[in-house]
Amino acid sequence: MDDDLSSDKGIEYSKLRDLLLEEKWQDADRETYQVMKRALKGNWSSSSLKCFPCKDLLTINRLWVKYSNRKYGFSVQKGIYLKCGGLLNVPYDEKVFREFGDVVGWRKRNSWVHYSDLFFDGSGLDGHLPERSMFRGYGLLGYMRTGRCI
């Protein structure tokens, strides 16, 4: 494989790549969370995500976008967030994030769905994955709102 698996934190991304290549979406979602925790040395918080290394975020995103044929990935989610009225470099907007959740399938009938009710068979809506690392908007989406990297 000729994928760029570069990392500023020495993280190995071949397992994530292989899971995505095999379309093992739930395992890839969980692996995404694990590699991100490793990159943050276990310090998973909205403030630590603001310092997440760009090279690593770009690597993870590229893999998701490539192996899902542009259906999934952080950049896909960011585009949807912006279409929902989200703005960069502004405080978190709960109304916009609820709409985003509706559009990507994380909410049904005005309620957030449980992780076990997400679609991991490839039938999820655009932007449906990765989900576990998003912290339902309080984490990575906040990071992406800064316009950094993605």
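This is a predicted model: local features need pLDDT of at least 70, side-chain atom pairs count only at pLDDT 80 or more; totals for chains, interfaces and linings use all residues.
1. Residues are numbered from 1 along each chain as its sequence is written, and side-chain values use heavy atoms, with hydrogens and water left out.

2. Start with helix 2, residues 25-39. Helices here are DSSP runs (H or I, at least four residues), and strands are E runs of at least two, numbered from the N terminus. Buried residues (under 20% relative accessible area, 1.4 Å probe, protein chains only) in helix 2 include Trp25, Ala28, Thr32 and Met36.

3. How do helix 1 and helix 2 meet? Lys15, Leu16, Leu19 and Leu20 on the helix 1 side touch Trp25, Asp27, Ala28, Glu31 and Thr32 of helix 2; contact means heavy atoms within 4.5 Å. Glu23 is in the loop between these two helices, and has a positive phi of about 60° despite not being a glycine.

4. Another non-glycine with positive phi is Arg70, at about 70°. Arg70 sits in the loop between helix 4 (54-67) and helix 5 (74-83). Arg70 counts as exposed, at 64% relative accessibility, the cut-off being over 50%.

5. Finally, look at Pro130: a cis peptide bond joins Leu129 to Pro130, with omega about -5°. Pro130 lies in the loop between strand 2 (111-112) and helix 7 (140-145).

Key. The expected span of a helix is 1.5 Å times one less than its number of residues.
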